[in-house]
Amino acid sequence: MAGADRISALPEETKVFILSLLSFTDAVRTSVLSRSWRHLWTFLQHFNFDLDFGEGPVCSTEDLGRILSSLRGPICHFSLQCFLLAHQSSCVQHFLDLLFQKDGLGNLCVHCGGTVPQVLLPSFRLLKDLDLQWIDIILPDDFAGFDQLTSLKLHSVCISQTDMQSLIDGSKKLMSIELSFERLFTSQEDAAGEQPCSVIINCPLLKYLRFDFGEVKVEPQIISAPCLENVYVSASADYDFTREEFARVGAAALKFMPDIAHVWHLSLNFEVLMCLSKVDVPRTLRVHFRQLQCLKLIGPMYYVDERMFQVLHCLIRSMPFLENLELQCHEPPEYVDYAHNLHPRPLNEYKKEDGYLCLDQTVRRVAISVENLRVLEDLMWMIHFILVNANALELIEITYCTDRFKVKSRIIEELCQVEKASTNAHVVFEDINNVS
């Protein structure tokens with residue numbers, strides 16, 4: 001029939017679904033279409049708000065409060081960015097309380113900044129994903145855990161050791177955990193907090209774990225995680241750390257290695273390698289990663305010296321069935337002095353070495369991602385070492401973020417002159433296709 005409004009004739013559930021595909025601003029604007037559309041947006045269940053760059057119907061905390069109060073149904077997903085928000089504690093707490101009243105929340109993401117707000121985290125009954133950043137967290141006195149929680153991300157949070165342990169122990173369905181602490185309050189805020197705090201992980205379904213060893217003295221301890229497959233260990237180690245601070249983080253990371261020896265995929269940032277290089281790893285690393293198939297090294301290349309090279313030697317020796325090696329490297333901040341960058345030894349001195357079972361049999365692919373040529377030059381010693389020792393190597397793939405058309409001819413010439421252990425080994429530069 002000509003002129004019929006077929007969309008308005010759709011069931012209400014279908015129209016709400018259509019609104020959920022729009023931005024919140026556009027969804028609210030549909031209220032002017034007709035009387036039947038006027039309040040449909042109040043049945044939406046997924047919300048993403050950025051109060052730092054508010055626009056449309058959400059330009060202030062008051063607007064957001066009114067919107068949350070106006071909603072008629074449960075809120076399933078709520079995401080809030082508020083790095084520049086004034087009076088963060090009271091505002092964020094108000095929003096959380098409104099969400100708790102609505103019930104039904106399954107995904108919660110709140111990223112704050114500036115002054116860290118302190119909030120009492122409600123016991124959301126159906127919560128599955130929790131992502132908090134730069135927040136001081138307090139749990140209710142009667143907190144019994146999140147029965148449905150599968151993903152926990154706490155980045156730069158402040159929380160008591162007791163609450164942190166209750167959060168993990170009370171979430172038996174956790175499959176993914178990411179933890180970094182701005183501060184971990186102990187039951188006894190003693191002296192200078194010389195003794196490290198422990199976070200005990202007993203999660204039968206856990207598959208992914210990311211833990212950051214930073215300035216806060218926190219050490220993870222895995223009691224049981226039989227399904228754990230993927231681990232990312234990082235260290236927020238500032239470039240001006242003292243030797244003692246580097247050694248402390250290195251000792252903590254070294255102590256953690258046996259707990260993750262059964263994983264299939266291990267990622268380390270280069271700060272961890274720097275810290276490990278201060279604790280005499282070649283004589284103390286006794287663990288073997290017998291199931292590990294992929295090792296990924298990530299982060300800024302601050303420097304490479306003889307001791308870091310020994311750490312990498314030791315790690316590769318401990319991974320007998322490694323198949324893939326990935327390096328994602330970029331430059332450190334401009335204020336870092338490169339004058340101390342030292343290569344382990346001249347590149348032409350690398351020789352065939354024994355004791356690397358994975359290099360003899362299983363490593364077939366090395367993927368290297370770099371920002372520019374300077375970072376690639378810092379990695380040349382690793383490329384030489386791999387080419388000389390990897391008997392089963394088939395491909396080294398080097399990709400660029402910038403400067404990809406400025407590969408220096410001397411780098412290619414050096415690679416071509418290397419006496420490769422594998423006759424099938426190729427080195428390929430992205431978009432240049434120079435093959436060694």
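Biologist: Among contacts in the chain between residues at least 6 apart in sequence, what share join residues at least 24 apart?
Modeller: The share is 69%. Contact here means heavy atoms within 4.5 Å.

Biologist: What kind of model is this, and how are residues numbered?
Modeller: This is a predicted model, in which local features need pLDDT of at least 70 and side-chain atom pairs count only at pLDDT 80 or more, while totals for chains, interfaces and linings use all residues. Residues are numbered from 1 along each chain as its sequence is written, and side-chain values use heavy atoms, with hydrogens and water left out.

Biologist: How many helices and strands does the chain have?
Modeller: The chain has 13 helices and 18 strands. Both are DSSP runs numbered from the N terminus: helices are H or I with at least four residues, strands are E with at least two.

Biologist: And how much of the chain is buried?
Modeller: Of the 436 residues, 51% are buried. Buried means under 20% relative accessible area, exposed means over 50%, and partly exposed lies in between (1.4 Å probe, protein chains only).

Biologist: Which residues form the nonpolar patch on the surface?
Modeller: The patch consists of Leu10, Phe17, Ile18 and Leu21, with about 380 Å² of accessible area together. Patches are made of residues with over 30% relative accessible area and no salt bridge; like charges are joined within 9 Å, and nonpolar side chains (Val, Leu, Ile, Met, Phe, Trp, Tyr) within 5 Å.

Biologist: Where does Leu21 lie?
Modeller: Leu21 is in the loop between α1 (12–20) and α2 (24–29). Its relative accessible area is 62%, so Leu21 is exposed.

Biologist: Turning to salt bridges, how many does the structure hold?
Modeller: There are seven. A salt bridge is a side-chain nitrogen of Lys or Arg within 4 Å of a carboxyl oxygen of Asp or Glu. One of them joins Lys255 and Glu219, whose closest N and O atoms are 3.3 Å apart. This pair links distant parts of the chain, 36 residues apart: Lys255 is in helix α6 (residues 243–256) and Glu219 in strand β11 (residues 218–224).

Biologist: Are those two buried or exposed?
Modeller: Lys255 is exposed, at 59% relative accessible area, whereas Glu219 is buried, at 15%.

Biologist: Which residue forms a salt bridge with Arg317?
Modeller: The partner is Glu353, with the closest N and O atoms 3.9 Å apart. Arg317 lies in helix α9 and Glu353 in the loop between β15 (324–330) and α10 (357–361), so the bridge ties together parts that are 36 residues apart in sequence. Arg317 is partly exposed, with a relative accessible area of 35%, and Glu353 counts as partly exposed at 22%.

Biologist: Which helix does α9 pass, and in what crossing?
Modeller: Helix α9 passes α12 in a right-handed crossing. Phe309, Leu312, His313 and Ile316 of α9 and Trp381, Met382 and Phe385 of α12 make the contact. A crossing is right-handed if the near helix is turned clockwise from the far one by less than a right angle, and left-handed if anticlockwise.

Biologist: Where is Ser234 placed?
Modeller: Ser234 is in strand β12 (residues 230–235) and is buried, with a relative accessible area of 3%. Leaving aside neighbours within four places in sequence, Ser234 is in contact with Arg210, Phe211, Asp212, Phe213, Asn269 and Val272.

Biologist: Which residues of helix α5 are buried?
Modeller: In helix α5 (residues 161–169), these are Asp163, Met164, Gln165, Leu167 and Ile168. They pack against β6 (136–138), β7 (151–160), β8 (176–185) and β9 (197–202).

Biologist: Finally, what is the phi of Asp103?
Modeller: Phi of Asp103 is near 65 degrees, a positive value in a residue other than glycine. Most residues other than glycine have a negative phi. Asp103 is found in the loop between α4 (88–102) and β3 (107–112), and counts as partly exposed at 32% relative accessibility.

Technical notes:
Accessible areas come from the Shrake-Rupley method with a 1.4 Å probe; for residues, only the protein chains shown count as cover.
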